[in-house]
Amino acid sequence: MKQPTRFKLEARPHIPESLSRLAELSNDLFYSWDHEARSLYARIDPVLWRQVEHNPKLFLRRVAQHRLNEVSEDRAFLAEYRRILSAYDAYLDAAPGPEITDRLDPQNALVAYFCAEFGFHESFPIYSGGLGILAGDHCKAASDLAMPFVAVGLLYQQGYFIQSIDAQGQQIARYRSHFSEDLPISRVMSDGKPLQVSVPFPGRTVYAQAWEARVGHIRLYLLDTHVAENSSADRELTLQLYGGDETTRISQEMLLGIGGTRVLRALGLEPTAWHINEGHAAFQILERCSSLVQAGLDFEAAIEATAASTLFTTHTPVAAGHDIFPRELLLTMLGEYLDAAGLNAAQVFDLGATSAGDAFNMTTLGLRGSRFHNGVSRIHGGVASRMEGGIWPQIPAEENPIGYITNGVHVPTFLAPEWSSLFDIQAPTWRSELRNPAFWQFVDRVPDYHFWSIHKALKQQMGDYVARHLSRQHRRNGTGHSVTERMTRDLISQEKDLLVVGFARRFATYKRATLIFSDLERLQRLLNDPERPVLLIFAGKAHPKDRPGQQLIKVIHDLSMRPEFIGRVILLENYDQAMARRLLSGVDVWLNNPEYPKEASGTSGEKAALNGALNLSVLDGWWAEGYDGTNGWAITPRDLSHDQEFRNQEEARDLLDLLEFEVAPLYYDRLSQGYSKHWVRRSKAAMKTIIPRFNSQRMVMDYVEKYYEPATRQASRFTSDNGRLATELARWKQRIRQHWDGVSLTVVGEVQMQCLHDCEMTVKVAAQLNGLRPEDVRVECLVAPGNAGPEEQEIPESFILAFDEDKDGLSLFSLVMSPPFPGLQILTLRAYPYHDGLSHPLEMGYMVWV
């Protein structure tokens with residue numbers, strides 16, 4: 001029988017005048033982190049609020065008229081409505097504090113932040129995972145600080161995929177289109193028309209329209225190609241996040257980098273610092289260079305001027321996470337753009353060329369086209385320095401220009417409302433003290449029973465949520481009701497209080513989701529211990545093309561359905577921010593066991609710790625900095641010299657040992673009140689040590705101090721006087737490259753081997769500069785303690801040798817110094833190119849040693 005056509009009709013209500021600002025709130029992503037703003041919609045109709053997946057704009061279109069009429073006359077609701085609006089207005093009226101204004105002049109400075117994805121809230125699905133959540137948190141913190149900041153991304157019609165897991169444990173990816181009227185965005189207008197930009201593509205021009213999302217104090221601009229001027233194929237270039245093939249990926253990155261820069265220009269915005277968050281947006285470097293070339297600079301000077309104001313952040317120590325395009329594809333895709341932009345294809349290709357020379361690496365472009373660079377944790381900064389060390393071939397990895405800023409998370413977004421309410425009572429100024437570790441000692445003053453009662457309530461809410469979610473999943477798959485009941489019985493029980501361990505993140509193989517299943521017999525005994533039972537909850541997506549990652553999901557699904565693990569292992573589908581908030585605030589322990597050192601940061605553990613959950617994690621990413629022995633448990637990664645199978649076995653044994661002999665006994669060490677005093681002490685330690693150190697306000701202020709302010713300063717220097725410094729520096733670098741191979745150093749006489757601790761000694765060096773001038777180089781003596789053990793990392797003292805004279809074709813440099821350390825010390829002598837215009841003293845990558 002032929003199916004009838006179904007037509008959709010949406011009967012929209014009139015919003016009463018007394019509630020008119022609900023629409024305004026729904027169009028500002030302020031709601032994504034303000035629990036109270038969201039609660040207004042939930043109070044009107046909690047069932048509909050769940051049905052529209054917490055989307056305020058959709059909610060206001062579908063809510064029943066009678067409910068709006070009722071609450072418009074409800075005094076209690078109106079009082080709460082006015083109070084929340086008053087707080088919203090006060091937030092928007094707040095001016096930046098001196099920590100911002102002393103570094104970035106709000107009238108003249110502007111930071112532009114480019115990223116391929118932004119994760120603000122589940123109602124705005126243009127993100128896939130960690131990178132997007134981090135970008136969203138970065139924007140939220142920038143808004144909280146009221147800093148001069150603008151963000152740029154792409155608006156995907158379908159976003160990332162929606163995940164279901166079938167009865168066989170197979171991941172099913174499906175996509176759903178999102179209409180602009182459903183999202184917290186508005187079309188950007190120019191002269192009464194929608195603002196569009198164009199980007200040259202092979203044989204055609206692709207047009208993109210611009211959208212604006214309000215994020216409190218700041219704005220996010222998004223591009224999409226779903227416009228009439230484009231072909232049907234080009235309209236789908238912004239269809240899916242991380243979808244399609246290489247051609248789709250490079251097309252999206254052209255739109256983001258080139259088109260995004262053109263949108264800012266069309267809006268009259270002139271950023272002073274440009275932040276490229278991962279390589280997807282690195283083509284902005286070419287567009288900005290093009291503008292300078294057309295203004296009269298040559299390509300080398302344009303690169304210097306562009307790079308001097310640019311920060312590049314790399315997020316992944318996994319090689320597969322970096323976009324690399326074949327030479328032919330890159331030159332084909334960029335060909336017409338480069339011709340129109342006045343850029344030389346060979347010069348552009350060299351900016352991103354890999355060591356083999358036959359491919360183009362977007363991370364390499366980002367690094368060569370910027371002068372400020374960072375990883376996202378201390379360990380990752382070191383890993384990135386080694387991975388990308390070829391860009392600075394003669395510089396020791398630990399000294400090359402890649403630094404680090406450890407990621408943080410947005411506390412108001414991920415802190416459960418119950419904890420926020422407690423903090424409001426105990427320490428009302430806590431929101432302005434997020435960067436003050438001493439302030440957070442107040443957590444110890446919270447009575448243990450009160451602290452535990454909040455955690456218990458959140459855990460119960462999580463249990464109910466998981467049971468509902470799992471029941472829907474099982475009903476669709478035809479799973480028997482008895483299985484579902486057995487699986488969730490203990491989780492929602494008011495009598496039982498199981499130790500709940502959560503693991504939720506992207507299912508990539510290096511994250512080792514199945515590590516805990518390495519010894520099934522032992523795990524079964526541990527989870528089903530009648531005195532100290534444990535329940536494991538897993539959630540996460542694998543990329544649709546990542547077959548090994550999808551196999552991990554199937555393995556966990558199959559184990560969760562085995563009789564001995566039913567009710568002790570749960571696998572949830574379609575992990576998103578709504579589920580994350582429930583799990584992060586409700587679990588007792590957050591598990592993370594990546595393959596060291598492949599976890600760049602791993603911020604989900606930070607979000608769990610905000611809510612008092614205890615991390616049980618490998619010492620990688622942020623946890624290597626956050627763990628202090630009192631605030632969770634650590635798995636020490638085995639030395640990389642061992643093979644991977646051995647490391648997996650040993651680290652799995654550590655994980656099970658900790659769970660069996662430390663975590664579970666501590667959790668079940670109950671007092672007569674029904675909770676473990678020692679557990680509460682450790683949970684409080686997690687909160688007070690991690691909240692002030694690993695929040696996004698601290699992170700963004702680190703960026704301001706270490707990168708945005710210096711980049712803004714360099715931008716001013718390099719753009720003044722028609723780019724005179726950029727041209728001068730480009731010429732100087734060209735001369736250095738031509739002559740450096742012939743530069744060498746030798747010691748004049750002998751370096752003194754012994755002296756008294758308060759004596760002075762003289763060091764002399766002769767430099768063969770091969771046609772360079774003495775002022776072109778810096779000659780340096782490094783002195784390090786000689787008694788340090790192999791595990792100790794002593795920072796050497798640095799002393800600059802002064803130029804004395806040119807003699808016999810050599811340049812002589814000398815230094816008079818006193819030994820900076822007691823006892824044995826090691827001296828090394830080196831030289832590197834130096835110019836006052838350099839953003840980093842070692843950015844050229846050249847160095848010679850005696």
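Which residues gather in a patch of negative charge on the surface? I found Asp804, Glu805, Asp806 and Asp808 there.

Before going on, I noted that this is a predicted model, where local features need pLDDT of at least 70, side-chain atom pairs count only at pLDDT 80 or more, and totals for chains, interfaces and linings use all residues. Residues are numbered from 1 along each chain as its sequence is written, and side-chain values use heavy atoms, with hydrogens and water left out.

**Entry: charge patches**

I wrote down how a patch is built: its residues have over 30% relative accessible area and no salt bridge, and like charges are joined within 9 Å. A salt bridge would be a side-chain nitrogen of Lys or Arg within 4 Å of a carboxyl oxygen of Asp or Glu. Areas come from the Shrake-Rupley method with a 1.4 Å probe.

Strands are DSSP runs of E with at least two residues, and helices are runs of H or I with at least four, both numbered from the N terminus. Asp806 counts as exposed because its relative accessibility is 51%; exposed means over 50%, buried under 20%, and partly exposed in between.

Then I looked for positive charge and got a surface patch of Arg50, Arg468, Arg472, Arg475 and Arg582. Helix 19 (residues 448–477) gives the largest share, three residues. Arg475 lies in that helix, helix 19, and counts as exposed at 60%.

Most residues other than glycine have a negative phi, and most peptide bonds are trans. I went after exceptions.

Asp191 has a positive phi, near 55 degrees. I placed Asp191 in the loop between strand 6 (189–190) and strand 7 (193–194), and it is exposed at 77%.

Arg512 also has a positive phi, near 50 degrees. Arg512 sits in the loop between strand 17 (499–504) and helix 21 (520–527), but is buried at 6%.

The bond from Tyr596 to Pro597 is cis, with omega near 0 degrees. Pro597 is in the loop between strand 20 (589–592) and helix 24 (604–610).

**Entry: aromatic rings**

How many aromatic pairs does a search of the whole structure find? I got 40. Phe423 and Trp430 make an edge-to-face pair, 5.5 Å centre to centre with 75 degrees between the planes. Rings of Phe, Tyr and Trp (its six-membered ring) pair if their centres lie within 6.5 Å, and planes over 60 degrees apart count as edge-to-face, under 30 as stacked, the rest as tilted. Both Phe423 and Trp430 are buried.

Terms used: Buried means under 20% relative accessible area, exposed over 50%, partly exposed in between (1.4 Å probe, protein chains only). Patches are made of residues with over 30% relative accessible area and no salt bridge: like charges are joined within 9 Å, nonpolar side chains (Val, Leu, Ile, Met, Phe, Trp, Tyr) within 5 Å. Lys and Arg count as positive and Asp and Glu as negative; His and the chain ends are not counted. The place of a charge is taken as NZ of Lys, CZ of Arg, CG of Asp or CD of Glu.
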